[in-house]
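Please have the structure open while reading.

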Amino acid sequence: MRDTFLPFHRAEVGDTEIEAVVSTLRSGWLTSGPRVRAFEEAFARSVNASHAVATNSGTAALHLALEAAGVGPGDEVVVPAMTFTATAAVVVHLGATPVVIDVTADTLCIDPEAFEAAISPRTRAVMPVDYAGHVYDVDAINDTAQRHGIATIEDAAHSWSAAHRQRPVGSLADVTCFSFYATKPLFTGEGGMATTDDAIVADRIRLMGQHGLARQAWDRSGSADAWYYAVTAPGFKYNMPDIAAALGMEQLPHAGATRAARERIALRYNEAFGALEPLETPGAPRPEVDHAWHLYVLRLRLEQLTASRSDVIRSLREKNIGTSVHFIPLHMHPYYRDTYGWKCEDLPVASSEYERLVSLPIYPAMTEEDVDDVIAAVTEMIAETRR
Ligand SMILES: *Cc1c(COP(=O)(O)O)cnc(C)c1O
């Protein structure tokens with residue numbers, strides 16, 4: 001057993017990132033400025049999108065994307081049950097109604113048939129989540145959305161560096177929203193990005209992310225009439241600071257290496273745990289998908305174990321391995337359950353799979369020995385609790 005605790009996640013901050021942040025601090029321009037503009041342009045290019053707008057969180061990007069899609073009171077937005085609260089909360093912020101649907105058992109991504117069945121005349125948008133970094137069923141969801149005139153707003157918080165039929169995430173949906181939260185594959189501490197090919201949508205997202213100001217600070221700076229600004233809408237304060245952009249810019253060229261490092265760990269886990277009958281591994285992604293492997297989610301065959309999921313998490317903690325659970329489905333949280341009356345029996349896959357999910361550490365800062373330690377701890381835990 002290892003004698004130090006292996007955290008569930010640790011961000012790897014290199015010297016070049018530290019230097020980039022320090023030089024930003026020395027530049028005297030801390031808020032959104034030249035580094036944000038450069039990051040947006042490089043990011044858009046890297047995912048084959050025409051436009052990218054940086055935000056101060058993934059949640060902000062989702063909020064702005066829905067706003068730009070015209071979502072408001074009276075509208076419905078379809079969301080999967082297996083996600084973080086942010087996906088649905090932004091729908092509520094706009095006065096619209098989230099409609100929760102189930103996920104498919106293999107990927108835990110939004111179920112295309114359930115989507116089709118949930119569509120009403122009031123459905124304005126659908127928010128597929130690339131759960132764990134596995135791209136959603138693009139062919140089926142986009143086709144249905146297009147036929148019904150519904151906007152696709154992809155929650156790509158987990159899937160930077162992933163692709164579908166060789167097309168990068170960021171160019172698959174009407175708007176793609178990334179999160180650069182500390183634990184995400186590309187991190188800026190806090191931050192996010194919305195990408196789109198629609199210039200009008202991109203302009204609206206940019207406008208509403210900075211107070212609805214027609215000319216923003218960096219565009220105004222240096223000109224003789226820099227003092228002048230015009231408020232054209234009651235916008236939000238969602239812009240990314242240059243300090244965060246400097247951090248993101250350093251990671252951007254390493255998408256392939258980051259993805260490969262995570263995939264290597266996933267393959268080792270799949271091989272080791274595939275041999276243990278009480279465990280179900282995520283296995284290989286669907287053939288058309290390059291998986292980002294933000295999360296490695298094991299599923300326990302609880303009927304073969306004497307331990308509950310909580311016991312398993314506790315046992316791994318005692319063996320110095322940090323784990324987590326992604327996610328407690330939306331309908332199991334008091335707010336959504338009580339406000340919308342969402343029920344477990346209407347969302348059978350998310351409800352039953354939730355009970356047996358455990359996320360293991362998977363990040364580039366892990367050494368081979370760290371991976372060995374996780375495999376040893378899980379194998380030992382199974383031996384101790386097998387029926
Ligand atoms: C992290 C996350 C978000 C929110 O991103 P923030 O940058 O923390 O606002 C949204 N959706 C999913 C699925 C996430 O995991």
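How far is an oxygen atom of the ligand from an N or O atom in the side chain of Lys-184? In this predicted model, the distance is 3.0 Å. The protein buries 92% of the 390 Å² that the ligand exposes when taken alone. The notes below take the ligand site first, then the salt bridges and the backbone.

**Ligand site**
- The ligand sits in the largest pocket.
- Two helices, α3 (58-68) and α4 (85-93), are the elements that give two or more residues to the shell around the ligand.
- The ligand is surrounded by 16 residues, and the closest are Thr-59, Asp-155, His-158, Ser-179 and Lys-184.
- By residue class, the shell around the ligand holds 6 nonpolar, 8 polar and 2 charged residues.

- Asp-155 places a polar side-chain atom 2.7 Å from a nitrogen atom of the ligand.
- Ser-179 has an N or O atom in its side chain 2.7 Å from an oxygen atom of the ligand.
- Lys-184 likewise faces an oxygen atom of the ligand, with an N or O atom of its side chain at 3.0 Å.

**Salt bridges**
- Side chains of opposite charge can pair when their charged atoms come close.
- The whole structure contains 23 salt bridges.

**Backbone geometry**
- Most residues other than glycine have a negative phi, and most peptide bonds are trans.
- Trp-293, a residue other than glycine, has a positive phi, near 50 degrees.
- Trp-293 is in the loop between β11 (289-290) and β12 (296-300).
- The peptide bond from His-326 to Phe-327 is cis, and its omega is near 0 degrees.
- Phe-327 lies in the loop that runs between α11 (309-318) and α12 (334-340).

Conventions. Residues numbered from 1 in each chain as written. Predicted model: local features only at pLDDT ≥ 70, side-chain atom pairs only at ≥ 80, totals over all residues. Heavy atoms only, no water. Near = heavy atom within 4 Å. Polar contact = N/O pair within 3.5 Å; in protein donor to acceptor, adjacent residues only side chain to side chain. Areas by Shrake-Rupley, 256 points an atom, 1.4 Å probe, with all protein chains shown as cover. 1 Å grid on protein atoms, 1.4 Å probe; cavity = no way out; pocket = protein on both sides within 12 Å on 5 of 7 lines; lining within 4 Å. Sits in = over half its atoms within 2 Å of the grid points. Helix = DSSP H or I, 4+ residues; strand = E, 2+ residues; numbered from the N terminus. Nonpolar A, V, L, I, M, F, W, Y, C, P; charged D, E, K, R; others polar. Salt bridge = Lys/Arg side-chain N within 4 Å of Asp/Glu carboxyl O.
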